[in-house]
Structure formats: C-alpha cells, structure tokens
Number of protein chains: 2
Amino acid sequence: MGSVEEANDKKMEILEAIEDNYGGVTIDMMKEEEPMDSLKFHTMLRTSISHWRTTGKKGVWIKLPIELAHLVEAAVKEGFWYHHAEPKYLMLVYWIPHEIPHTLPSNASHRVGIGALVLDHHGQVLVVKENSGKNTGNWKLPTGVVEEGEDICTAAVREVQEETGIETEFVELLAFRQSHKSFFGKSDLFFICMLKPLNFTIHKQDAEIEEAKWMAIEEYASQVKVNQSELSKIIANICVAKKEKEYSGFSALLTTTGLSAKKCYLYSTINI
Amino acid sequence: MGSVEEANDKKMEILEAIEDNYGGVTIDMMKEEEPMDSLKFHTMLRTSISHWRTTGKKGVWIKLPIELAHLVEAAVKEGFWYHHAEPKYLMLVYWIPHEIPHTLPSNASHRVGIGALVLDHHGQVLVVKENSGKNTGNWKLPTGVVEEGEDICTAAVREVQEETGIETEFVELLAFRQSHKSFFGKSDLFFICMLKPLNFTIHKQDAEIEEAKWMAIEEYASQVKVNQSELSKIIANICVAKKEKEYSGFSALLTTTGLSAKKCYLYSTINI
C-alpha cells in the first residue's frame, strides 16, 4: 500500500472536527440520511482521541443532534460527560490531559425573569391575577421569563403587552434579586422594571391571566400576600417610593462592546 | 388471574414516577447495579405514557444518570426531547396533550460573571494581567464566573482573593451589562462590583494570572485597549467617578422570600 493510500486510510478513521483557540476540537455530528452506526462511531472516536492526544489537544466536544441519540452511549463509554443540552441536541465533552484540571467553560447557570411596574399619572398600577400556580387570587405585577437572546428591558415590555394589551416604554430598572435552587438546582435572577404606559385600555390576551386591572399602588402594597414575604414587602415599598418620586434605579444605555462593536445594554445610574 | 394480581401486573409495567403540582410526572431513573435493559425500558415507557394519558397527565420528565446513557435512544424514539443536561445526568421531557402548546419551564439561559473594582484610599485600583486569552498584555479588573448557587457579591470577593490574595468586603454593585450569543448561543450577564480592600500585599495565586498590581485609576482608564470599546470606556469612567465619590450604584440587602423565608439578596438603591 502506498503512502497516499495509507494517509487516506488514516484520515478515514478520524472524525471531522473544527479546532478552537483554546487547544480544543469540536465534532459536529450531522443528521444524515444514513446515520453512522454506533460501533463505527465508537471505533472512530477512540482513534480520533488517540490522534488528538499525540497532537496536544485538550478539550474534545461532540455536538450530537437528537436524531443521533443512539451514539450517546458510545461517547459516554469513551469517558465523555454531558456539558449541556437544548431540545434538539446534546453537547458532550472530554478532557484529554487528565493530569491537569480542566478549564472548560461552564454551562448556563441562571434563568432570568422580569416583574413590571407600570404606573399611570394617578398613581395607579397595572396588576394581574393568574389562574394557576401559587399566586392564584392575589393581585400581582405582570411577570415573565426573559427569552433566549432577549434584552431585559425588551422582555418587560413584551410581557406587559402579552398579559394586558398595554403598550409601554422602558423607564428604568428599579432593583433585582438573585435566588438559588429555584428550578432543577439552577439559580434565578429577577429584575423589577419600571415602565411608562402608552395606552390605558386593558385587553387581556394571555390564557394564563384571569384578570387584569389598574389599582391604587397603596392598595396593591397593602395586600396580605404581599406583606407575608419580606422581599415582596420591600419591592412594594420601592414601588410606592417610585410613585412619590423618592427612588431612582438603573437606566438602560444601548452601547457597543469589543472591536466588533457588538450591541449590548449597560444598566447603571449614569443619567442619560 | 385475580384482580389483585392483575393490578400488581399492571403496576409492574408502569415506571415509578413522582407527581408535581403542574399536572406532570418525573421518572427519576436510578443508577443500579443491574441497569434496566433498553428494550424493557422502552416497553415500560410506552405503557406508562398510555396510562398517564388516560389519567390526564401533561408533562413527563425523565432524569437519566449518565450511567444509563443506553436508555436515551428509547426515550427519544417515544418522542421525548432534551430539556437540559448537567455533567452527570440528562433531563428529557415529553408533552402528552399534543393539541395544546406546552407550558414547560424553560432551561437556564444565562451565564453570570463579575468584574471587581477594588480601590484603596489613594485612588489606586487592583489590576491583573492574564497569561492567555484575548486580554493578554492588558491590565484589567479581576473577573470571573459566578459558580452554581453562589451570590454575585460573594463571587466578586472570592475571585479577587483567588487572583490576587487580597481580602475584600463587598460595597456595592456599580452597573451590569447583558449580552447575547456569547457562548453556545447563550446569553451573559456581567456585574461590576465595588469592593473595599482589607489588606494590600498582593499574593498572586491563580495560574491564569501572570501579574497583579495596584495602579492609579486614571492610568487604568487611559489604556488604549480600554478605550477601544465603548462599553469598557464607560465602565472605566464609572470607576473614575466612583473614586471621586460622584457615583453610586446598587446596595446588596440580604432578605428572605416566600413563606419558607428562603434567604436571598436584593440589589437596589435603598440605603442600608
């Protein structure tokens, strides 16, 4: 067998991978009409790791589309562990130089939520009543989860629109709290945003909202449920102070970062 | 066959699951000495879903330890998708009532980082130089990733100690930025914390830090690299304003939430 053929043979045995700037490689397994069988994958993976070990590679990533779920077991047998998963793929990772601790990036650790204080000129606040969950029967501020890739200030405006039909403008971020082990062992950041209403007629749209209305901020703050938790009591006090113009939080400044001038929001007390 | 035996037989075919308050069930597959084979698991899973369908269940969760990676394929074949993964387990989920959109909780979406402004009485700031990555050669504030279950204010103190040996006390949160698609398509929240140094002699400890020193805050702010990005320029200006006592951010208040009085930090402009 000639050297070119040998080289081709060798190449066949190594999984295709993209190198990164941290001494790592990523195998992006594609969903194909005829998916690779697990035995072939296992053999190629083992050969590939030996190869990358000799070339000084450190982290090895495998991105497996859900259609290739039958290949998970082989990767785990080779010492890979789970890094993260999204609905359509699983990311596995392996660290070649066992003698040194790994410096692989960590997984996402927080879910981000918002609560919206929408105040009109008469000191009335927009409140909602949910039809399920632990808050049934209680008038509360509209809340929601910040979607993937969404800005906090945008999420607050969207949630208020979805729950009440009221259009708003972001004014400022009043406060936020961080809590832990809130779901699947993960942490939670909850941002209270102050919004200015642009219209006042409520059109309830969200199926999870039973009722929405305008209510005097003092009445909202005096509810038994609000006063049962120290945190919600403080937040209600901030809302009342805001109505009295005796409180100011963080403004949102749209700026850019890095040489690529990627857009991002900076929240601070800089006056803009 | 008698009715009791029939009931027992039926019970045998259903996977053990814990009900939640949202009409869902969670199958927590245990790592066992003799793990279930995938065919048996597949049959039981199918029977279980039929059963839960008749009892009106909605979400079905499977928590699979990595040792049972051979069962992933069967769950996917039954229509399950990935919800999230941690190093030692994969969480899969399925929504029984196809006719209505699912209301399953979303996965963690953000990684959280901190940057620390440690200022002494002479207007000197604690800076570090990293020995790899894109910031090599640039004097920067100590930064780091907030660990799972860690408070932002605690993470800032820990990172400064690890990188420089300087013990500090959290003073306030100056500002934060949110950016998107920063790693694996996930978002990133970065909090700038002001800390008060409790000692001044540097003992570099972290292998990723090449050098650490005290530097006049104006010198830090005038670096070319700092001024190449609009965001880092604004942050440097906030740091200088802080030295001049012309800026104030969010304080951290340790409070409690809910009826269980779980501890959590609220960050706001309330004076404490």
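Modeller: Gladly! Let us begin with a term: contact means heavy atoms within 4.5 Å. In this predicted model, 100% of the interface residues of chain A are also interface residues in chain B, so the copies meet through the same surface.

Colleague: Which rotation superposes chain A on chain B?

Modeller: Copies are superposed by least squares on the C-alpha atoms of residues with pLDDT of at least 70 in both. Here a rotation of 180° with 0.0 Å of shift along its axis does it, with an RMSD of 0.1 Å. The two copies are thus related as by a two-fold rotation axis.

Colleague: Before we go on, what do the numbers and letters stand for?

Modeller: Residues are numbered from 1 along each chain as its sequence is written, while chains are lettered from A and ligands numbered from 1 in the order in which they are written. As the model is predicted, local features need pLDDT of at least 70, side-chain atom pairs count only at pLDDT 80 or more, and totals for chains, interfaces and linings use all residues; side-chain values use heavy atoms, leaving out hydrogens and water.

Colleague: How many helices and strands are there in chain A?

Modeller: Helices (H or I, at least four residues) and strands (E, at least two) are DSSP runs, numbered from the N terminus. Chain A has 7 helices and 13 strands.

Colleague: What radius of gyration does chain A have?

Modeller: This radius is taken over C-alpha atoms, and the globule rule is 2.2 Å times the number of residues to the power 0.38. For 272 residues, a compact globule would come out near 19 Å, but chain A has 26 Å. The C-alpha trace of chain A spans about 90 × 40 × 35 Å along its principal axes.

Colleague: And how do I read burial?

Modeller: Buried means under 20% relative accessible area, exposed over 50%, and partly exposed in between (1.4 Å probe, protein chains only). In chain A, 52% of the 272 residues are buried.

Colleague: Is A:Thr168 buried or exposed?

Modeller: A:Thr168 has 7% relative accessibility, so it counts as buried. It lies in strand S9, residues 168-183, and its contacts beyond four places in sequence include A:Val118, A:Val157 and A:Leu195.

Colleague: Where is the place of A:Asn138?

Modeller: A:Asn138 is in the loop between strand S7 (124-130) and strand S8 (143-145) of chain A. At 8% relative accessibility, A:Asn138 counts as buried too. Beyond four places in sequence, A:Asn138 touches A:Val128, A:Lys129, A:Gln223 and A:Lys225.
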